[in-house]
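Please read it beside the coordinates.

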Amino acid sequence: MRRVVAGVGNAYRGDDGAGLEVAARLRGRLPEGTELVQCVDEPSRLIDSWRGADVVIVVDAVASGVKPGTVYRFDASDGDIPEQIFRSSTHAFGVGQTVALSRALGHLPPRVIVYGIEGADFDAGEGLTDPVAGAVDRAVDAVLADIKGGEG
Amino acid sequence: MAERRVIRTDYLARVEGEGALSVLLDNGRVEHVELRIFEPPRFFEALLRGRSFLEAPDITARICGICPVAYQTSAVNALESLCGVEVDEPIRMLRRLLYCGEWIESHALHVYMLHAPDFLGYPGAIELARDAPAAVERGLGLKKVGNEVMTLVGGREIHPINVRVGGFYRAPTRRELRPLVEPLERAREAALETVRWVAGFDFPERLVECDLVALSQPGEYAIERGRIRSNAGLDISAAEYDEHFEEEHVERSNALHSRLRERGTYLCGPLARFALNHEWLSPLALEAAREAGLEAPCLNPFQSIVVRSVELVYACDEALRLIESYEQPDRPFVPVEPVAGFGFGVSEAPRGLLYHRYRLDGEGTILDAKIVPPTSQNQGAIEDDLRGVVVRYSDLDDEQLRALCEQTIRNYDPCISCATHFLTLDVERR
């Protein structure tokens, strides 16, 4: 079983660093055979990281307009995730598009889970707002639960 | 009664970062064109103040995920020139190799994932991938090779961390570079294929009328060094940039537009480089350009995708040449003692000229920094082009015109997050 867990974001744009923070907290806590990826540029590079994997879990910040700190969880194994939610990213090619592109090319892993953490502040600057820092804790637990439960 | 049409695209889905374009047409007449790029908060310039000059390449690399090497290079050029240091030749070659990696990755991303779908009538790369998976795989493969070069030379896992003022923290051995050769040879073939592919696209007719500005370095296609030149006779060093260029606030816009003090709007990037420096391309890249029917100067911004593809061939070819002739330097970096004063540096980011200026005190503390990214410099040219496109194609319906405007903006490969260093979702609606 080969798993990839990827955090996506930009730590210099406030809450946009949430996905990276989740990945940082997971370091050393994932079972054998799990590759941890931090993606700070543009997510199409992720496609190569998960080619041939059985499971991929991606965590990114989103700005969908709901309460900051909300954690979305999408099972994208059978269908694309709502593009609207992941399009407001600072990245050239959003996570939703990356998953869809990988699927179109036929190398999306069989199990795909995407987490979106609703951010409050995407202005230039370092550090997460309080609601998002709390959401990072919950997302870390959720990813670990996915893996432990055999879902991921 | 006048018919008023307002064409707006609030989110340029495939431009890196974010921006908003509004076009106001009044009875077929273009009243207003504005590409909204927000007032740069200059976060990174502020972040640099008070830090050691040795930290500048690391800090500025984080401004843009797509072109970190460009930021590092302009930073080290500025600081090394201030401190009176010239790096050893193998170090310069290694930097050029690293930069080639960035060109390959950035150009492949733009050509395949962002721009080609416009020409082929697809909303994006996903739809293109369903019909032409081999083409999209070719683009991803090219990107990957560029990334491999950056990882190996730049020491990059997250950010390229190996570049330092005076050279590199560690220079690879010849043997360590060998594994790049075979992938780069494959990439060069893929790049040639790319030129043939994009040369067959249909290009709307447009002509750039402003000055073209690029670095120039006789003997090589300028990337990591050179003098700033234009097709109108400008020929200056980086230190003279502020005398000849200014950033001005544009009415009704939050953006700062760069202009040549004497000449106004100008264009930097692939078209300018090809116009000024095509003779220094490698024979293979020149042959690819010739086969694609590309003649210098190429002034149609829609054909920038062809020029970018020719530069892809060149970057692969040049990377192979650099690896072939590389000898590990005796020392990975030259020691640099800080000097008080102003330092100026430029380099050719994939999307055009990138200017840095630093002021240091005698201890090497950065007192202030100024960074002018290529997208800020091209902003005026982009808006002029949009205005021309809208006038010429105002008979198209809104949806078609919107698509053509997005395609026009992508001619310039704007890295809007670079130009603004900023994300905002506040979009003006009217």
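1. Does B:Val213 count as buried or exposed, judged by its C-beta neighbours inside 10 Å? B:Val213 counts as buried because it has 30 C-beta neighbours inside 10 Å; the cut-offs call a residue buried if 20 or more other C-beta atoms lie within 10 Å of its own, exposed if 12 or fewer, and partly exposed in between, with C-beta atoms placed from the backbone. B:Val213 lies in strand β6 of chain B, where helices (H or I, at least four residues) and strands (E, at least two) are DSSP runs numbered from the N terminus. Not counting residues up to four places away in sequence, B:Val213 touches several residues, among them B:Ile228, B:Leu267, B:Ala272 and B:Leu353, a contact being two C-beta atoms, placed from the backbone, that lie within 7 Å. The C-alpha atom of B:Val213 is separated by 14 Å from that of B:Tyr412, which is 199 residues apart from it along the chain.

2. On conventions and confidence: this is a predicted model, in which local features need pLDDT of at least 70 and side-chain atom pairs count only at pLDDT 80 or more, while totals for chains, interfaces and linings use all residues. Residues are numbered from 1 along each chain as its sequence is written, and chains are lettered from A and ligands numbered from 1 in the order in which they are written. The model scores ipTM 0.88 and pTM 0.91. For chain B the mean pLDDT (the predictor's confidence in each residue, from 0 to 100) is 87, and 87% of the residues reach 70 or more. Two stretches of chain B call for care: pLDDT stays under 50 over residues 7–18, for which the model has 40 contacts beyond four places in sequence, and pLDDT also stays under 50 over residues 418–430, for which the model has 33 such contacts.

3. On the overall make-up of chain B, there are 15 helices and 14 strands, and buried residues make up 55% of the 430 residues. Among the contacts in chain B with a separation of 6 or more, 74% are between residues 24 or more positions apart.

4. The sheet that holds β6(B) is open and has 4 strands in the order β8-β7-β6-β11 (chain B), with mixed pairing; two strands pair if DSSP finds at least two bridges between them. Strands β8 (235–236) and β11 (266–267) of chain B stand at the edges with a single partner strand each, so one side of each is left without a neighbour in the sheet. Strands β6 (residues 211–216) and β11 of chain B run parallel and are joined by 2 bridges, and B:Leu212 stands opposite B:Leu267 in β11(B). Helix α10 (residues 270–277) of chain B packs on this sheet, touching β6, β7 (227–230) and β11, and its direction makes about 70 degrees with that of β6(B); axes are lines fitted to C-alpha atoms, for helices over the stretch in contact, and angles run from 0 to 180 degrees between N-to-C directions.

5. Which residues touch the most other members of the largest nonpolar core? In this core of 177 residues they are A:Ile117, B:Ile104 and B:Val310, a nonpolar core being a set of buried Ala, Val, Leu, Ile, Met, Phe, Trp, Tyr and Cys residues joined through C-beta atoms within 7 Å. Helix α4 (residues 89–120) of chain B gives the largest share of the core, 15 residues. Leaving out residues up to four places away in sequence, the contacts of A:Ile117 include A:Ala18, A:Val59, A:Val71 and A:Val136.

6. Backbone geometry deserves a check at two places. A cis peptide bond, with omega about -5 degrees, joins B:Ala296 and B:Pro297, and B:Pro297 is found in the loop between α11 (283–291) and α12 (304–325) of chain B. B:Asp413, a residue other than glycine, has a positive phi near 50 degrees; B:Asp413 is found in the loop between α14 and α15 (416–420) of chain B and is buried, with 28 other C-beta atoms within 10 Å.

7. In chain A, A:Glu126 has its place in the loop between β5 (111–118) and α5 (130–148) and is exposed, with 11 other C-beta atoms within 10 Å. Apart from neighbours within four places in sequence, A:Glu126 is in contact with A:Ala11 and A:Tyr12.
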